[in-house]
Number of protein chains: 4
Amino acid sequence: MQGRVDGWIDQFEEGYFPPAIIMLRLAEEVGELAREINHRFGMKPKRPDEAEGSVEIELGDCLFVLISLANSLDIRLDDAFMAVMEKFQTRDADRWTRKHS
Amino acid sequence: MQGRVDGWIDQFEEGYFPPAIIMLRLAEEVGELAREINHRFGMKPKRPDEAEGSVEIELGDCLFVLISLANSLDIRLDDAFMAVMEKFQTRDADRWTRKHS
Amino acid sequence: MQGRVDGWIDQFEEGYFPPAIIMLRLAEEVGELAREINHRFGMKPKRPDEAEGSVEIELGDCLFVLISLANSLDIRLDDAFMAVMEKFQTRDADRWTRKHS
Amino acid sequence: MQGRVDGWIDQFEEGYFPPAIIMLRLAEEVGELAREINHRFGMKPKRPDEAEGSVEIELGDCLFVLISLANSLDIRLDDAFMAVMEKFQTRDADRWTRKHS
């Protein structure tokens with residue numbers, strides 16, 4: 001996915017935006033995801049003039065922006081993911097209730 | 001402002017939403033504010049079909065949601081503001097560069 | 001409150017940050033508020049090494065950042081609030097269920 | 001990655017949280033990412049008592065929460081990503097400046 005995003009952005013003169021600007025985009029997309037989640041699983045009915053949205057698309061938009069940020073900073077999300085799983089296995093090992101086998 | 005928001009919400013059967021749901025609304029409004037800020041001061045041009053927005057309105061929406069959350073939790077924003085200014089004057093007194101008099 | 005924030009920031013050489021940078025601060029403070037709300041009203045227990053927080057302080061921090069952004073853009077939050085209440089009274093008048101008198 | 005997150009969460013009685021609660025976690029992690037980005041590429045120096053952070057870890061945390069939300073809603077992120085790339089290729093094809101070949 002990181003390669004596909006890079007191929008897409010590489011077509012354009014603008015290239016990657018600075019990190020602070022990509023974060024604005026992330027806030028925007030997380031907000032749209034929050035609206036869809038609230039609409040479907042929360043308590044905010046849409047007005048008749050509001051478009052029907054899609055949680056899948058909003059999730060995909062958030063993922064795209066995360067990938068763009070990672071690409072622009074030369075961070076491999078595989079590594080980031082591994083580091084986080086490692087952290088959970090140590091730091092959070094006792095945070096939750098283990099199922100009995 | 002807290003009284004006016006309370007008067008508005010008190011008209012409706014739904015009343016205040018639970019805190020987690022108000023937070024979804026806050027994320028949504030902060031996202032819309034981020035979009036306007038990016039459009040005006042950042043680097044994201046709008047498509048022709050995207051409505052012209054207003055930073056003032058988006059700021060007002062964020063403020064409204066913050067007030068709703070405070071009201072729903074019986075928190076006085078005057079007190080919260082005072083507590084934060086107090087914190088800055090102690091904790092952050094040396095964080096920034098004081099102007100020479 | 002806008003005057004008090006202005007007085008605080010006016011002491012320092014740095015002054016107001018650019019809008020995109022203030023938005024990063026807002027995202028940070030909204031995130032801290034979300035953590036407190038989740039801790040108190042949601043489902044995320046804190047680890048023993050995590051500091052006890054305060055919803056009031058986190059609300060105050062969000063308010064402070066909103067005020068800073070408004071100040072830096074010469075927006076009066078009184079006007080923004082009025083504009084939003086006006087919008088609700090027209091656009092959202094039928095969104096919620098009115099109480100019977 | 002979705003399988004590994006599922007394997008991790010499946011060990012615990014708590015399982016996946018409701019969507020609104022996962023969104024609170026996302027707001028929290030996006031806020032921590034914003035803080036790191038501001039610290040490294042923006043204008044917010046850390047106080048001496050603030051821990052040195054890692055953009056990689058914060059990106060990984062955001063990714064983990066997005067994956068958890070997707071898993072909990074039976075959404076395949078591959079599909080979401082494809083849908084978003086498809087949307088860009090149609091809707092945003094003329095938004096940016098194509099490089100001359």
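Trainee: Before we dig in, what are the ipTM and pTM of the complex?
Mentor: Residues are numbered from 1 along each chain as its sequence is written, and chains are lettered from A, ligands numbered from 1, in the order in which they are written. As the model is predicted, local features need pLDDT of at least 70 and side-chain atom pairs count only at pLDDT 80 or more, while totals for chains, interfaces and linings use all residues. As for the complex, the predictor gives an ipTM of 0.91 and a pTM of 0.92.

Trainee: And which element of chain A has the highest mean pLDDT?
Mentor: pLDDT is the predictor's confidence in each residue, from 0 to 100. Chain A averages 91, with 90% of its residues at 70 or more. Elements here are DSSP runs, numbered from the N terminus: helices (H or I, at least four residues) and strands (E, at least two). Among those of chain A, α4(A) has the lowest mean, 93, and the highest, 97, belongs to α3(A).

Trainee: Which element gives the largest share of the side of chain A that touches chain D?
Mentor: Contact means that two C-beta atoms, placed from the backbone, lie within 7 Å. On that count, 45 residues of chain A meet 45 residues of chain D. The chain A side divides into 32 nonpolar (Ala, Val, Leu, Ile, Met, Phe, Trp, Tyr, Cys and Pro), nine charged (Asp, Glu, Lys and Arg) and four polar (the others, Gly among them). Twelve residues, the largest share, come from α3(A).

Trainee: Over at chains B and C, which residue of chain B comes closest to the rotation axis?
Mentor: Chain B goes onto chain C by a rotation of 180 degrees with 0.0 Å of shift, RMSD 0.0 Å. The same surface serves both copies, as 100% of the contact residues of chain B recur in chain C. Closest to the axis, with its C-alpha at 3.8 Å, is B:L63.

Trainee: In the largest nonpolar core, which residues touch the most other members?
Mentor: A nonpolar core is a set of buried Ala, Val, Leu, Ile, Met, Phe, Trp, Tyr and Cys residues joined through C-beta atoms within 7 Å. Buried means 20 or more other C-beta atoms within 10 Å of a residue's own, exposed 12 or fewer, and partly exposed in between. Leaving aside neighbours within four places in sequence, D:L66 contacts A:L59, A:C62, A:L63 and D:L26. Of the 100 residues in this core, those touching the most other members are A:L66, B:L66, C:L66 and D:L66.

Trainee: Last one: is A:D74 buried or exposed?
Mentor: A:D74 sits in the loop between α3 and α4 of chain A. Its phi is positive, about 55 degrees, although A:D74 is not a glycine. With 6 other C-beta atoms within 10 Å, A:D74 is exposed.

Note on methods. Copies are superposed by least squares on the C-alpha atoms of residues with pLDDT of at least 70 in both.
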